[in-house]
Amino acid sequence: MMEVELQNITKSYGNKTVLKDIHLALPNGSFTCLLGSSGSGKTTILKLLAGFELPDKGDIWISGEKVSSNNKLLKAPHERGIGYIFQDLSLWPHLSVMENIAFGLKIRKVAAYKDKVMEMAQRLNIGETLSKYPHQLSGGQQQLVAIARSLVLEPNLLLMDEPLANLDVKLKKVVREKILELKKLLSINIIYVSHDHREAFTMADQIVVLNEAQVEAVGTPQQIRESPSEFIKYFIEL
Ligand SMILES: Nc1ncnc2c1ncn2[C@@H]1O[C@H](COP(=O)(O)OP(=O)(O)OP(=O)(O)O)[C@@H](O)[C@H]1O
């Protein structure tokens, strides 16, 4: 089954076409990286999936359900079972780590929220930080809090927009390994935006390369490496 399908999606802002007749199908259980230069429409795809923006044309399907059709919203963002992690983590500075991670669960009135928060924090090795505040944590720990806050809501699909961009090389490695570990453990679908092709090639099982509002190539890292177009050779420095 396809977890996500974009069918003939077109999106413009003013007279600028950001996505042009995009067709994408991402199978269940996949870890997909969207690669492409700045302004190629990667974040726009995530926003369309999350329901924060609507396409001008085309249908979007998530977990077998049509969530938008042309510029009509059929399923609201909070009903889509999606977690979203921005580059700017948007942690609440005045709330403890425990309260940050519990935020969505409390809104949903989940009675056993403390147990769920503690279990997720243990999995991510941030159990010791629960009573601290975001400014008392390292960049990597803050990143893990943002990931915990999304995963504790048990989304089917996790959208990550350059989540490691602000971390140093060592922390990047640690968080990257954690993400892969969780992906296996929770069998969650991930769509991950990156500028860094090395990151994409080591983490993803499917890569989508965007170029000038269109899909340049889709394939496993091996397929992309074996038959790269001229643009991909240039972009990825093959
Ligand atoms: N709300 C908006 N209003 C007008 N233009 C927008 C809006 N959001 C995005 N754009 C434009 O759409 C294009 C694609 O933006 P998008 O953020 O999807 O690119 P991206 O591939 O994620 O880029 P980056 O790698 O720099 O984050 C850019 O030219 C951007 O300026």
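Modeller: Sorted by class, the shell around the ligand holds two nonpolar, eight polar and one charged residues. Here Ala, Val, Leu, Ile, Met, Phe, Trp, Tyr, Cys and Pro count as nonpolar, Asp, Glu, Lys and Arg as charged, and the others, Gly among them, as polar. This is a predicted model: local features need pLDDT of at least 70, side-chain atom pairs count only at pLDDT 80 or more, and totals for chains, interfaces and linings use all residues. Residues are numbered from 1 along each chain as its sequence is written.

The residues surrounding the ligand are Y13, V18, G36, S38, G39, S40, G41, K42, T43, T44 and H195. Helices (H or I, at least four residues) are DSSP runs, numbered from the N terminus.

Now the packing. Helix 2 (residues 97–107) meets helix 3 (residues 113–123) at about 130 degrees, with the axes 9 Å apart. That makes helix 2 oblique to helix 3. Axes are lines fitted to C-alpha atoms over the stretch in contact, and angles run from 0 to 180 degrees between N-to-C directions. Under 35 degrees counts as roughly parallel, over 145 as roughly antiparallel, 65 to 115 as roughly perpendicular and the rest as oblique. M98, I101, A102, L105 and K106 of helix 2 touch Y113, K116, V117, M120 and A121 of helix 3. Contact means C-beta atoms, placed from the backbone, within 7 Å. The residues of this contact divide into eight nonpolar, no polar and two charged.

Helix 2 also packs on helix 4 (residues 139–151), at about 30 degrees and with axes 7 Å apart. Helix 2 is therefore roughly parallel to helix 4. The contact uses V97, N100, I101, F103 and G104 of helix 2, with V145, A148 and R149 of helix 4. By class, it has five nonpolar, two polar and one charged residues.

Helix 4 in turn packs on helix 5: their axes come within 10 Å and cross at roughly 20 degrees. That makes helix 4 roughly parallel to helix 5. G139, G140, Q143, L144 and L151 of helix 4 face L171, V174, V175, K178, L182 and L186 of helix 5 in the contact. Those residues divide into seven nonpolar, three polar and one charged.

Last, helix 5 (residues 169–186). At 1.5 Å a residue, its 18 residues should span 26 Å, and its end C-alpha atoms are 26 Å apart, which agrees. The expected span is 1.5 Å times one less than the number of residues. Just after helix 5, S187 takes a positive phi of about 35 degrees.

Definitions and conventions. Near = placed C-beta within 6 Å. Helix = DSSP H or I, 4+ residues; strand = E, 2+ residues; numbered from the N terminus. Contact = placed C-beta atoms within 7 Å.
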